[in-house]
Amino acid sequence: MGVKKNGLTVFSLTMITVGSVDSIRNLPATAMLGSQLIAFFILGALFFLIPTALVSAELASGWPKQGGVYIWVKEAFGKRMGFLAIWLQWIENVIWYPTILSFVAGTIGYLINPSLANTPIFLWLVIVSSFWGATLINLRGMHSSALFSNVCAISGLLLPMALIIGLGGAWIAGGNSLQIHFDTKAIMPHWQDNSMWVSLTAIMMSFCGIEIATVHANDVSNPQQAFPRALIYSVGIILSTLILGSLAIAVVLPQHEINLVAGIMQAFDAFFAQYSMGFIMPMIALMLVMGGFGGVSNWIIAPTKGLLVAAEDGNLPMMFKAVNANGAPVNMLIGQAMIVTLLSGLFLFMPTINGSYWLLTAMAAQLYMLMYIIMFLAAIKLRIKAPDVPRAFRIPGGLLGLGFVAGIGLIGTITTLFVSFIPPEGNEIGSTARYELTLIIGLMMMCSPPFICHWLQNRRAAIVAELS
């Protein structure tokens, strides 16, 4: 339905974007904010989601080429910075995959036996088998992936989102006891609360990826018009579902009882117990699993296609340029699956499941924020460097208007970058110094490959020059 013979439709782009960004997985973490989540989601939208969507729409309509953020940053700052940007987007996802798949595993485990949601070896097995399955789907090509994403976004994301929002509304309307309050004092942010800053990281992460569908420019009919429309629709759907879905969990579960991995199933369990509808739980679990698979499928192919463009531009060794008969970057996809298999082993060695989940979430947030900082700066540079390039969508107000929007986005991303170094309370990750050192070392390691590749290329070129 969403794929035309000559390309992806606005509907498919919207479903890919919503399926990539909008995630039930994030609701337990944001529900921990309680009534404050309304204010923080609005702040997150103003300082991150909306600026990112506006800047992405302008860049995608001006440079609608395969590669997304790689093309934009390359046009602004050159090939090396473009490679760093797309690398950050790709490696962030490699770190993020185990967290969303731990949600899938926690959902399956909660249905079989709630204790399995906290069993590391069970989580690892489900994460690994799920990721390899999603990789095989994407090896079949973009059209297969898009169709799968459409089905999963509707049945595994929008339907359960609508259901939990409806149950939350029915819970309030039925006069049941609420775990949060909706008075002005409760809704306003409690700035002195450290746990609030940690949840802010989860909110910003829940908005990441609004630009992801732009890597499919070659697969879209009339991308200059399609991308801005798809992004506008996506922002409305994402913002409304995340706020209402988080509130639905917050009204029924006490904050200290919310499990980051299995919190959604906890909430549905509480709702259905009230209405004697526990028999629906297996169907809900199946829908949530499909939603998780759909999100992973979107992210497996999109950043990898951007990285493939960078590889074809000479940023990576020849072997990474290989594609199969369906046009899928086969070596990249298989290599990515191997890294995720190893990385998900973190769940086997951290003291708690919540601790593993949060450490990976924080590291992914930091890498993604660095990419967004580069993207916002690239948008400003391109408005100065290439003002006459046709853009079907252009942020109004000239350079000042773009600078204002990008500046707000930079404030949001830089704040999130620093806040993500604050450890959550009670997650047994270890001392603050150990937590921060782990993140700093991880950040340095994950950012280093583009610089190493560039150094090796320069060294190889120097050797060839000497020999000649």
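1. Buried means under 20% relative accessible area, exposed over 50%, and partly exposed in between, with a 1.4 Å probe and protein chains only. That makes 11 of the 12 residues of α1 buried, so the rest of the structure largely encloses this helix. Helices are DSSP runs of H or I with at least four residues, numbered from the N terminus.

2. The basis is as follows. This is a predicted model, in which local features need pLDDT of at least 70 and side-chain atom pairs count only at pLDDT 80 or more, while totals for chains, interfaces and linings use all residues. Residues are numbered from 1 along each chain as its sequence is written, and side-chain values use heavy atoms, without hydrogens and water.

3. What span should α1 have at 1.5 Å a residue? Its 12 residues (10-21) should span 16 Å, and the end C-alpha atoms are 16 Å apart, which agrees. The expected span is 1.5 Å times one less than the number of residues.

4. Helix α17 covers residues 432-467. Its 36 residues should span 52 Å, and its end C-alpha atoms are 52 Å apart, which agrees. A kink of about 40 degrees lies at S448, shortly before the proline P449. The bend is the angle between axes fitted to the seven residues ending at a residue and the seven starting there. Buried in α17 are Y435, L439, G442, L443, M446, C447, P450 and C453.

5. Helix α5 meets α17. Their axes come within 9 Å and cross at roughly 145 degrees. Axes are lines fitted to C-alpha atoms over the stretch in contact, and angles run from 0 to 180 degrees between N-to-C directions. From α5, R80, F83, L84, W87, L88, I91 and I95 make the contact; from α17, M446, C447, P449, P450, F451, C453 and H454. Contact means heavy atoms within 4.5 Å. The residues divide into 12 nonpolar, one polar and one charged.

6. Helix α5 (residues 79-112) also packs with α6 (residues 120-138), at an angle of about 115 degrees and with axes 8 Å apart. Among the α5 residues in this contact are Y97, P98 and L101; α6 residues include F122 and L123.

7. W90 lies in α5. Is W90 buried or exposed? It is buried, with a relative accessible area of 6%. Leaving aside neighbours within four places in sequence, W90 contacts P303, T304, L307, Q336 and I339. W90 and Q336 are 246 residues apart along the chain, and their C-alpha atoms are separated by 9.4 Å.

Key: Helices (H or I, at least four residues) and strands (E, at least two) are DSSP runs, numbered from the N terminus. Ala, Val, Leu, Ile, Met, Phe, Trp, Tyr, Cys and Pro count as nonpolar, Asp, Glu, Lys and Arg as charged, and the others, Gly among them, as polar.
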